[in-house]
Amino acid sequence: MSSPSVPSRPTLDLRRLTPARVALGRSGASLPTRPLLDFTLDHARARDAVHAAFDAERIIAELGEFGLPFLAARSRAADRADYLRRPDLGRQLEPACAELLAARATVSGRLAIVIGDGLSPTAVHVHAIELLRALLPRLAEPAPVAIGQIIVASGARVALADEIGAILGAAMVVMLVGERPGLSAPDSLGAYLTFAPMPGRTDAERNCVSNIHRAGLSYGEAAFKIAWLVRAGLSRGVTGVALKDESGDPPARIGTALPE
């Protein structure tokens, strides 16, 4: 039996620069066994991340260290299967939760933070609290950004934060949510920022800091960008296509005042 063919050196060098599936070789008309098994394993991890149960109670328990008011909420999706089949339900608050949030809207704060399971609860379990540990100190200095509440939302799509932010009367909402798993990153977290949140906002009116995971953006890098966008968005009264990320490279900006 002939051994699997090996791509030429220029293609092999490309594998050092990307986790993408390139230069895998072949065995006859098929992939070699090792790349095939790696693909099957990554595909299974991605599926597991999508179907994982969201441990909202664990997230809420860990939020206690920050000393900020927090509340649990959920969308109109009855369960995970409903959430995956009906994306529209994940964008709407359950009526009882909307009433509860309205009763808590007296808690002042320009910024609301929503932690939602999204399409990868696994990403939220692994990264959300660690990201907050890096982000909150950056929002506290040099001039504090007043944070009203942190909402832990189950069955959440990104747009659910628009309704939550509108009910709470927040000037801006930051949504930390599990991103759609890829074959190289089943636990990628994203942060979506929306100024003047209200139902009906479009993705063009949001900024996104994505690929927050061990092989992507570090917590420090992501926190730096998110904090800059929060301050710049509040100062200019916009997010989305009207607000470009001009934060620069984090190490070069340490000690530099961010926009108020």
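**Terms and the values behind them**

Modeller: Helix α6 has these buried residues: P121, A123, V124, H125, H127, A128, I129, L131, L132, L135, L136 and L139. Buried means under 20% relative accessible area, exposed over 50%, and partly exposed in between, with a 1.4 Å probe and protein chains only. Helices (H or I, at least four residues) and strands (E, at least two) are DSSP runs numbered from the N terminus. The model is predicted: local features need pLDDT of at least 70 and side-chain atom pairs count only at pLDDT 80 or more, whereas totals for chains, interfaces and linings use all residues. Residues are numbered from 1 along each chain as its sequence is written, and side-chain values use heavy atoms, with hydrogens and water left out.

Colleague: What pLDDT does the chain average?

Modeller: The average is 88, and 90% of the residues score at least 70; pLDDT is the predictor's confidence in each residue, from 0 to 100. Over residues 252-260, however, it is below 50, and this stretch has 15 contacts in the model beyond near neighbours in sequence. A contact means heavy atoms within 4.5 Å. Where pLDDT is low, the predicted coordinates should not be read in detail.

Colleague: How do you know that the length of α6 agrees with its number of residues?

Modeller: The expected span is 1.5 Å times one less than the number of residues. For the 20 residues of α6 that should be 28 Å, and the end C-alpha atoms are 28 Å apart, so the two agree. Even so, α6 bends by about 40 degrees at H127, the bend being the angle between axes fitted to the seven residues ending there and the seven starting there.

Colleague: What makes R133 and E65 a salt bridge?

Modeller: The definition asks for a side-chain nitrogen of Lys or Arg within 4 Å of a carboxyl oxygen of Asp or Glu. The closest N and O atoms of R133 and E65 are 2.7 Å apart, and the pair therefore qualifies. R133 is in α6 (residues 121-140) and E65 in the loop between α3 (56-63) and β1 (70-74), 68 residues apart. E65, E130 and R133 are linked in a network of salt bridges.

Colleague: Which residue forms a salt bridge with R80, and what do the pair tie together?

Modeller: The partner is D117, with the closest N and O atoms 3.4 Å apart. R80 lies in α4 (residues 80-85) and D117 in the loop between β2 (111-116) and α6, so the pair ties together parts that are 37 residues apart in sequence. R80 and D117 are both buried.
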